[in-house]
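Here are some friendly notes on the model, meant to be read with the structure open beside you.

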There are 2 protein chains.
Amino acid sequence: MKLGDGVEAAIHCAATLAGVDGNSTMPGAALAECFGLSPSYLLKHLNQLTAARILESVPGPAGGYRLARAAERITLLDIVLAVEGREPAFRCGEIRQRGPVKIDASAYVKPCGINAAMLRAERAYRAALADVKLSDIVAEYAAEGDPRSYAASCAFVERHQRPQKSASSKQT
Amino acid sequence: MKLGDGVEAAIHCAATLAGVDGNSTMPGAALAECFGLSPSYLLKHLNQLTAARILESVPGPAGGYRLARAAERITLLDIVLAVEGREPAFRCGEIRQRGPVKIDASAYVKPCGINAAMLRAERAYRAALADVKLSDIVAEYAAEGDPRSYAASCAFVERHQRPQKSASSKQT
């Protein structure tokens, strides 16, 4: 089992965007630079986050990305599902029905116990991810991360964020 | 995130082998037939289970596979790790250190909070898998599965199991 490395990029970018002022945006190229990623690679994941309404993409010369809602209302599960898709990791192929032991279809109405057990474990995984807010990640970084590293990240955001002319502010 | 379909095959095969009498074995070809799988495809996963000491492979004309220990001592986690490998699904690429915000290496001694949160969720997943014994899967199938389907599975095992001459019995 492996999560794509887009998950790491997506969470770091969302956490970075939690640090912009008000309704400012940050260009995708700056986010890519911040983590040493290729802008075209990152674009795919920024698009996934935008499609999932975790990010907002603002067009125009002062455009870029910003969170579509407050970091308190975004969970790690939201981000993981946006990047990896909503399908469960265990996908039952109903092989119990494939061999010579197959009997009448009415015997398979109830889900296979193996599938049920695997999905129960996956619900535990998702519940643990849903329990972590993006704001928790940011707060923990501020409180427990290396202070020099935190200051460098904040300075990067400060340098690359783009204030918006419109009066609309980040949705809460 | 996706688990390989070998996981489904491996759990079904292990559950089937939990039904053989005493120290009897079942040939890989019969297990493949039971679930409509290609024997060469299944062999890879039977080898993984054998390498992880979940199954024993007995050579010779009456050879085949059997559980290496009692079904009460095999969990779904044992089987998933045997097939999918022991590495976590989330693999931190340390992208926090890749861009221009990188500072002195001493700032990165403590694991990234994002990595820590992802691994916590994965521990919840593994704990849920470790909580399900192969014997639970078999007992639930016997108690709650379709009785016709259960009888057909038992008859298949009865037909294909190979009693062993040696007096050694399944390890408990």
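1. Across the interface of chain A and chain B, the rule finds two salt bridges, a salt bridge being a side-chain nitrogen of Lys or Arg within 4 Å of a carboxyl oxygen of Asp or Glu. Lys110(B) forms a salt bridge with Glu144(A), and the closest N and O atoms there are 3.4 Å apart.

2. A word on the basis of these notes: this is a predicted model, where local features need pLDDT of at least 70 and side-chain atom pairs count only at pLDDT 80 or more, while totals for chains, interfaces and linings use all residues. Residues are numbered from 1 along each chain as its sequence is written, chains are lettered from A and ligands numbered from 1 in the order in which they are written, and side-chain values use heavy atoms, with hydrogens and water left out.

3. How many residues of chain A are in contact with chain B? The count is 57 residues of chain A, in contact with 58 residues of chain B; contact means heavy atoms within 4.5 Å. The area buried between the two chains is about 5100 Å², and carbon and sulfur atoms give 68% of it. Buried area here is the accessible area (1.4 Å probe) that two parts lose on being put together, summed over both. Of the area that chain A buries against chain B, Met1(A), Glu8(A) and Ile95(A) supply 17%, more than any other three residues.

4. Now for chain B itself. Helix α1 (residues 6-17) and helix α3 (residues 39-51) of chain B pack at an angle of about 65 degrees, their axes 10 Å apart. That makes α1(B) roughly perpendicular to α3(B), the class for 65 to 115 degrees; angles under 35 count as roughly parallel, over 145 as roughly antiparallel and the rest as oblique. Axes are lines fitted to C-alpha atoms, for helices over the stretch in contact, and angles run from 0 to 180 degrees between N-to-C directions. Helices are DSSP runs (H or I, at least four residues), numbered from the N terminus.

5. On the α1(B) side of this pair, Gly6(B), Ala9(B), Ala10(B) and Cys13(B) meet Tyr41(B), Leu42(B), His45(B), Leu46(B) and Leu49(B) in α3(B). By class, this contact has seven nonpolar, two polar and no charged residues.

6. α1(B) also packs with helix α4 (residues 76-84) of chain B, at about 135 degrees and with the axes 9 Å apart. The two helices are therefore oblique to each other. Among the residues making the contact are Val7(B) and Ile11(B) of α1(B), and Ile79(B) and Val80(B) of α4(B).

7. Which residues does Gln48(B) touch, not counting residues up to four places away in sequence? They are Ala82(B) and Val83(B). Gln48(B) is found in helix α3 of chain B, and its C-alpha is 32 Å from that of Pro111(B), 63 residues apart in sequence.

8. In chain A, helix α3 (residues 39-51) and helix α4 (residues 76-84) pack at about 120 degrees, with their axes 9 Å apart. α3(A) and α4(A) are therefore oblique to each other. His45(A), Gln48(A) and Leu49(A) of α3(A) make the contact with Ile79(A), Ala82(A) and Val83(A) of α4(A).

Terms used:
Nonpolar A, V, L, I, M, F, W, Y, C, P; charged D, E, K, R; others polar.
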